[in-house]
Amino acid sequence: MRTTRYAAPAAANGIELSVIAAVILGGTSLNGGKGTIWGTLLGVLIMGTLNNGFNLLQLSSYWQDVARGSVLLLAVGLDQLRLRLSER
C-alpha cells in the first residue's frame, strides 16, 4: 500500500509575530541583524513558555496576540535604548 505524504500549506499560519518576537527577544537587532543561535533559542524558550502559560490560563487568542505584541514592543524598545546608549 502506498501512502501519500504532503504538507499543509496553512500549517504555520499566524505564527509570524511569535517568530519575530522570539528572534528579537534573543538579542537580534532590527537595525544590524546581528545575533546568535543561543540567543534565538533563549527567545524561543521564552515565547514557548509564554504560549504555554496562555494556554493553561485559557486566554482568548485576541489577548494572546495583545500580550505577544506587547512583548515584541518591549523587546524592540529595549534594543533601541541599548543602541542609543552604545552610541554615547
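Contact between residues is taken here to mean heavy atoms within 4.5 Å. The structure is a predicted model, in which local features need pLDDT of at least 70 and side-chain atom pairs count only at pLDDT 80 or more, whereas totals for chains, interfaces and linings use all residues. Residues are numbered from 1 along each chain as its sequence is written, and side-chain values use heavy atoms, with hydrogens and water left out.

The chain contains three helices and zero strands, where helices (H or I, at least four residues) and strands (E, at least two) are DSSP runs numbered from the N terminus. Read along the sequence, these elements give the pattern α-α-α. The radius of gyration of the chain, at 16 Å, is well over the 12 Å that the globule rule gives for 88 residues, so the chain is more spread out than a compact globule; this radius is taken over C-alpha atoms, and the rule is 2.2 Å times the number of residues to the power 0.38. Along the principal axes, the C-alpha atoms fill a box of roughly 65 × 30 × 20 Å.

Of the 88 residues, 20% count as buried, a class defined by a relative accessible area under 20%, with exposed meaning over 50% and partly exposed in between (1.4 Å probe, protein chains only). The chain exposes about 7,000 Å², of which carbon and sulfur atoms supply 63%, the areas coming from the Shrake-Rupley method with a 1.4 Å probe. Among contacts between residues at least 6 apart in sequence, 52% join residues at least 24 apart. The mean positions of the 7 positive and 4 negative charges are 8 Å apart; Lys and Arg count as positive and Asp and Glu as negative, while His and the chain ends are not counted, and the place of a charge is NZ of Lys, CZ of Arg, CG of Asp or CD of Glu.

Several residues of helix 3 were examined individually. R68 lies in this helix, which spans residues 61-87, and counts as buried at 11% relative accessibility. When neighbours within four places in sequence are left aside, R68 is in contact with L17, S18, M47, N51 and F54. V76 is also found in helix 3, but is partly exposed, with a relative accessible area of 23%. Not counting residues up to four places away in sequence, V76 touches I24 and L30, and its C-alpha atom is 11 Å in space from that of G26, although V76 and G26 are 50 residues apart in sequence. R82, likewise in helix 3, counts as partly exposed at 44% relative accessibility; R82 and W38 are 44 residues apart in sequence and 19 Å apart in space, C-alpha to C-alpha.

L30 is exposed, with a relative accessible area of 54%, and yet touches I24, V76 and D79 when residues up to four places away in sequence are not counted. The C-alpha atoms of L30 and D79, 49 residues apart along the chain, are separated by 8.3 Å.

The loop between helix 2 (37-56) and helix 3 holds Q58, which counts as exposed at 71% relative accessibility. Most residues other than glycine have a negative phi. Phi of Q58, by contrast, is near 55°, a positive value in a residue other than glycine.

The structure holds one aromatic pair. This pair is formed by Y62 and W63 and is edge-to-face, at 5.0 Å centre to centre and with 80° between the planes; rings of Phe, Tyr and Trp (its six-membered ring) pair if their centres lie within 6.5 Å, and planes under 30 degrees apart count as stacked, over 60 as edge-to-face and the rest as tilted. Y62 is exposed, with a relative accessible area of 53%.
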